[in-house]
Amino acid sequence: MKTNNKISVIANEKIDNRKLIRASKIILDLQQELKKYINKGHGPFLAAIYDSKGNLVAKATNNVVNKSCSNNHAEMNVIKLAEQKLGTYDLSSYNLSIYVTSEPCMMCLGGIMWSGIKAIYYGVPSNRVTKITGFDEGFKQNWHKEFKKRGITVYGQIEQDAGEKILKDYVAQGHTIYKPKR
């Protein structure tokens with residue numbers, strides 16, 4: 001895994017500054033937009049899918065609590081919207097990238113892999129999401145390497161500080177931390 005020490009971004013390929021600059025802008029925009037969704041009862045995660053030309057294909061929030069469905073993570077919701085819009089379950093021919101305010105959980109990683117999306121860019125890493133919120137992000141050993149084997153590019157820890165602030169505010173405001181009781 002490659003790292004860029006200057007901004008502590010990680011990637012499963014040599015870091016391409018053009019990709020990183022684009023991802024930083026998109027993720028910062030998503031984090032800013034997320035604030036309004038949180039105030040409307042959505043969970044603290046937002047995802048967007050873009051095509052290779054920079055066109056927005058779909059955007060969706062996490063709405064597990066307000067829709068009473070444990071599968072309604074932002075990534076799963078945005079994949080569903082993109083598939084509906086494009087009329088296919090196999091997004092691979094569209095050369096799409098998903099941008100997420102935080103690292104996808106294990107369920108969402110499976111959904112991303114099986115959807116045919118070519119690249120993932122995320123903000124806050126799972127270990128920080130868990131520490132800040134208590135969400136259980138799941139067991140995801142070596143997922144960056146496994147995605148690389150499957151031809152899926154991963155860049156992470158993009159605009160992490162801004163994303164962590166939103167998660168801390170979510171918790172401080174008393175919003176629901178959803179996880180099953182064990």
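Helix H1 makes the largest contribution to the lining of the second largest pocket, giving 3 residues. The model described here is predicted. The points below begin with that pocket, continue with the other spaces in the protein, and end with the salt bridges.

**The second largest pocket**

- The second largest pocket holds about 260 Å³ of space.
- Its lining consists of 13 residues, and those closest to the centre are Lys 19, Arg 22, Ser 52, Ser 97 and Tyr 121.
- At least two lining residues come from each of three elements: helix H1 (17-38), strand E5 (97-102) and strand E6 (119-124).
- Sorted by class, the lining of this pocket comprises 6 charged, 4 polar and 3 nonpolar residues.

**The largest pocket**

- The volume of the largest pocket is about 390 Å³.
- A total of 21 residues line the largest pocket, and Ser 70, His 73, Cys 105, Asp 136 and Tyr 178 are the closest to its centre.
- Helix H4, which spans residues 106-115, provides the most to this lining, with 3 residues.
- The lining of the largest pocket contains 10 nonpolar residues, together with 6 charged and 5 polar ones.

**The cavity**

- When the whole structure is searched, 1 cavity of 30 Å³ or more is found.
- The space in the largest cavity amounts to about 40 Å³.
- The cavity is lined by Gln 31, Leu 34, Pro 44, Thr 101, Ser 102, Val 124, Gly 163, Ile 166 and Leu 167.
- H1, E5 and H7 are the elements that give two or more residues to this lining.
- Among the contributing elements, H7 gives the most to the lining of the largest cavity, with 3 residues.

**Salt bridges**

- How many salt bridges does a search of the whole structure find? The search finds 9 salt bridges.
- One of them joins the side chains of Lys 19 and Glu 13, with an N to O distance of 2.8 Å.
- Lys 19 has a relative accessible area of 28%, so this residue is classed as partly exposed. Lys 19 is also among the residues closest to the centre of the second largest pocket.
- Another salt bridge is formed by the side chains of Asp 16 and Arg 18, at 3.2 Å from N to O.
- Arg 18 counts as exposed because its relative accessible area is 66%, and the cut-off for exposed is over 50%.
- A further salt bridge connects the side chains of Arg 128 and Glu 164, at 3.0 Å from N to O.
- This pair links distant parts of the chain, 36 residues apart: Arg 128 belongs to helix H5 (residues 126-133) and Glu 164 to helix H7 (residues 160-172).
- Are Arg 128 and Glu 164 buried or exposed, or partly exposed? Arg 128 is partly exposed, with a relative accessible area of 21%. Glu 164 is buried, because its relative accessibility is 8% and buried means under 20%.
- Salt bridges also link Glu 146, Lys 149 and Arg 150 in a network.

Note on methods:
Residues are numbered from 1 along each chain as its sequence is written. This is a predicted model: local features need pLDDT of at least 70, side-chain atom pairs count only at pLDDT 80 or more; totals for chains, interfaces and linings use all residues. Side-chain values use heavy atoms; hydrogens and water are left out. A salt bridge is a side-chain nitrogen of Lys or Arg within 4 Å of a carboxyl oxygen of Asp or Glu. Buried means under 20% relative accessible area, exposed over 50%, partly exposed in between (1.4 Å probe, protein chains only). Helices (H or I, at least four residues) and strands (E, at least two) are DSSP runs, numbered from the N terminus. On a 1 Å grid over the protein atoms alone, a cavity is a set of points where a 1.4 Å probe fits but cannot get out, and a pocket is an open set with protein on both sides within 12 Å along at least five of seven lines; lining residues have an atom within 4 Å of a point. Grid points are joined across faces, edges and corners, and a volume is the space filled by probe spheres set on the points. Ala, Val, Leu, Ile, Met, Phe, Trp, Tyr, Cys and Pro count as nonpolar, Asp, Glu, Lys and Arg as charged, and the others, Gly among them, as polar.
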